[in-house]
Amino acid sequence: DNLTAREVAMRELFLCFSPTVQLFPSITDISAAQLREFSLLVFLPDPDPERWSQEKAYLSELTEASPEDLRVMGFVAMGELQKAEEFFDFAFFPKPPTFSQVQEFLKSCPTTGVIESFPSGSGAAPAAHSGAPKHVLIAEDIELNQIVFTHMLRQWNIQADTAGNGLDAVSKCALRVYDAVFMDCHMPLCDGFEATRKIRQLEGYRKVPVVALTAATTEEDQVACRQCGMSHFLAKPVTVASLRALVTQISLL
C-alpha cells in the first residue's frame, strides 16, 4: 500500500511481460498457495547476507511445493552477483532490473518463451495508428524509470528518446522538435525547471507539451512547474493508467 517509486517502476517493468504482478515485502511473506498462481518468481535477497540461509531454506520449501514450470530469477548488487548465484544456485542479474535482462531470461526458459501481453488496466492491445508514430523525449535521471516509461509508451506506438539530465534534454530538443517532452523536475547538472525554460526558447517549442514528472503534488509545486513553461503535470510514481490518460489528453493517442 505504500510502494516506493522504485518498487512501482519495477512492477510496471514486469507488467510488460505478464498481466498479473504482485509485490511482497520479503520471500517469507509468500505462501506456497499464493506462489502456485504465478509462473515467475523474482527474488531480491535481504541486503544482509547473514539472513540468506534463512531465505534459502524458505525458498526451497516454496519451490518444492510449486509447479515444475515455475521460473526463478534474482537481482542483487553487482558486487554480490557471483556470491548470490553460488549460494542460491539459480540465475541472478545485477540491479536495477532492465527490460532486456528479463526478456533474455524468459527466452532462455525451456518451457515457454516471453509472455506476450499488455499491462492490466491499459486496455486492449495497441490500436493501429495511421501515419508516422509520435516521437517524444523522456528526461529522467534514473535508468530503470527510463526503461519502464519507454516500454509503457511503446504499447501505444509512441517512440521515445531519453535524456539523463537537463542539459542532455536541451541538446536533444535542439536537434529536432518532439511531439512532447516528459521532464523530471529534479535531475543533476541542470534541473527540469531550467531545462524547460531553455527548451521553450528553441524554435518550434512554443506550443509543444512539456509534462512535469515529479513526486511533489502540492498546488505550489504545480505553480512552479507552470511558471517555468511546463504545460502538464504527471505525478510520480507513473502508472499505466495515469500515463494513458495524459497521452490521450495531449493528443498523442
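A residue is called buried under 20% relative accessible area, exposed over 50% and partly exposed in between, for a 1.4 Å probe and protein chains only. The model is predicted, so that local features need pLDDT of at least 70 and side-chain atom pairs count only at pLDDT 80 or more, while totals for chains, interfaces and linings use all residues. Residues are numbered from 1 along each chain as its sequence is written, and side-chain values use heavy atoms, with hydrogens and water left out.

**Exercise 1.** Describe the pairing of Asp-46 with Arg-51 and the accessibility of both partners.

Solution. A salt bridge is a side-chain nitrogen of Lys or Arg within 4 Å of a carboxyl oxygen of Asp or Glu. Asp-46 and Arg-51 form such a bridge, with N to O at 3.1 Å. Asp-46 is buried at 18% relative accessible area, whereas Arg-51 is partly exposed at 42%.

**Exercise 2.** Explain how Asp-168 and Lys-172 are placed in helix α7.

Solution. Helices are DSSP runs of H or I with at least four residues, and strands are runs of E with at least two, numbered from the N terminus. In helix α7 (residues 166-175) Asp-168 and Lys-172 are four residues apart, which means a separation of about one helical turn. Their side chains form a salt bridge at 3.8 Å, N to O. Asp-168 is partly exposed at 26% relative accessibility, and Lys-172 is partly exposed at 26%.
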